[in-house]
Amino acid sequence: MPATIQDPRTVLCFGDSNTWGFNPDGSGRFPQSTRWPNQLEHALNRTRPALPWRTAEEGLNSRTWLHDDPIGAANYGGDYSCNGRADLMTALHSHKPIDVVILALGCNDCKGYLNLSAAQIAAGARILIHDTRRALNCGPRLQEHTAPQIILMTPPAVLITSQSLAWGFEGAALKSKDVAEHYHRLAAELDVTCFDVQPVANPSSLDGVHFDAQAQALIAAGLAACIRQTLGQRPNPDN
C-alpha cells in the first residue's frame, strides 16, 4: 500500500470569525490550541483510530454565505470579500482529499443591514451544499469521485449587546434562532447532518457573538461525536 494512503483523514472547517477563533474580549485570535477546529482534531485522534485525522481551518471574519459585506470588511481594512461562495471551491481544492466539510456560516447573514430573512439565509446554505457536492474529485482518498460528508453547523444564538449592535446585529437574537430551525429542515431535506451549536454553547456576554475558550472545547467535543456518528452511517473499513 503506498505510503500516501496513510495520510490523515481531513475535516475542512469552513466558517466565519467563530471558526477563525475571534476572542470575545477583543484581544484578537485565540491561540491555536484553544480554537475549536484544532481541539476537534485532538478529540477525533484521542481514540487512536486506524487512520488519524487533521482539521483544516478556513475561518474568515465577517464571512457570509453569498453576500459581499463592505461594512463588515471595513473593520479589517476592507482587504477581502466576505462572500463565502467565492472562497469555498478554492478551499475544497486546496485541502482535498476531504472526508468531512463543516459549513459553519450564517451568523453574519443575520446582520440587520443585510435585510435577509431566515429562509434566505438557509437558501445560501443550500447553494454551498450544492457546490460542495459538485466539486470535482474533492472526496475522501480512494473515493474522490464521491462528495465529502457535510455537516451544516448553525450560527450561535446571538445576544444583543452594545458590541453586537455596533457590528450591525440588530434583530439577530430572534433571527439566529429561526435560522437554526431552517437549517434543521434543510439538512433533513438534503440528507446532510445538522450540528445545532445553540444547545451546546452560548456566545460570550462580552460581545454577544463569539464563543469564549470554554465554549470552544464544548463545540469540539460535540462535533467530534457528530462526525463519528455521521461516518458511522456510511460503510468505511477505516472508521
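These are my notebook entries on what I looked up in a predicted model.

**Ground rules**

I number residues from 1 along each chain as its sequence is written.

**Entry 1: confidence**

I began with pLDDT, the predictor's confidence in each residue, from 0 to 100. The protein chain has a mean pLDDT of 93, and 95% of its residues reach 70 or more. Over residues 234-239 the pLDDT is below 50, and this stretch has 11 contacts in the model beyond near neighbours in sequence. Contact here means heavy atoms within 4.5 Å.

**Entry 2: strands**

I took helices (H or I, at least four residues) and strands (E, at least two) as DSSP runs, numbered from the N terminus. Two strands pair if DSSP finds at least two bridges between them. For burial I used relative accessible area: buried is under 20%, exposed over 50%, and partly exposed in between (1.4 Å probe, protein chains only).

How many residues of S1 are buried? Seven of its seven residues are. In a regular strand the side chains alternate between the two faces of the sheet. In S1, Arg9, Val11, Cys13 and Gly15 point one way. Thr10, Leu12 and Phe14 point the other way.

Next I looked up the partners of S1. S1 and S2 run parallel and are joined by seven bridges. Val11 stands opposite Thr55 in S2. S1 also pairs with S3 in the parallel sense, over five bridges. There Leu12 stands opposite Val101. S3 in turn pairs with S4, again parallel, over four bridges. Leu103 stands opposite Leu152 in S4. S4 is largely enclosed by the rest of the structure, because four of its five residues are buried.

**Entry 3: helix H2**

H2 covers residues 36-45. Its buried residues are Trp36, Pro37, Asn38, Leu40, Ala43 and Leu44. What covers them? The cover includes strands S1 (9-15), S2 (53-59), S3 (100-104) and S4 (149-153). Helices H1 (17-20) and H8 (213-232) are also part of the cover.

**Entry 4: empty space**

Rolling a probe the size of a water molecule over the atoms shows where empty space is left. I worked on a 1 Å grid over the protein atoms alone: a cavity is a set of points where a 1.4 Å probe fits but cannot get out, a pocket is an open set with protein on both sides within 12 Å along at least five of seven lines, and lining residues have an atom within 4 Å of a point. Grid points are joined across faces, edges and corners, and a volume is the space filled by probe spheres set on the points.

The structure holds two cavities of 30 Å³ or more.

I then looked at the second largest pocket, with about 180 Å³ of space. It is lined by 10 residues, and the closest to its centre are Gln149, Asp191, Val192, Thr193 and Thr230.

**Entry 5: loop residues**

Is Ser62 buried or exposed? At 5% relative accessibility, Ser62 counts as buried. It lies in the loop between S2 and helix H3 (70-73).

Asp191 sits in the loop between helix H7 (172-190) and S5. At 68% relative accessibility, Asp191 counts as exposed.

Gln198 is in the loop between strand S5 (193-195) and H8. At 16% relative accessibility, Gln198 counts as buried. Gln198 and Pro155 are 43 residues apart in sequence and 7.4 Å apart in space, C-alpha to C-alpha.

Last, I checked Pro97, in the loop between helix H4 (84-95) and S3. A cis peptide bond joins Lys96 to Pro97, with omega about 0°.

How values were computed
Predicted model: local features only at pLDDT ≥ 70, side-chain atom pairs only at ≥ 80, totals over all residues. Heavy atoms only, no water.
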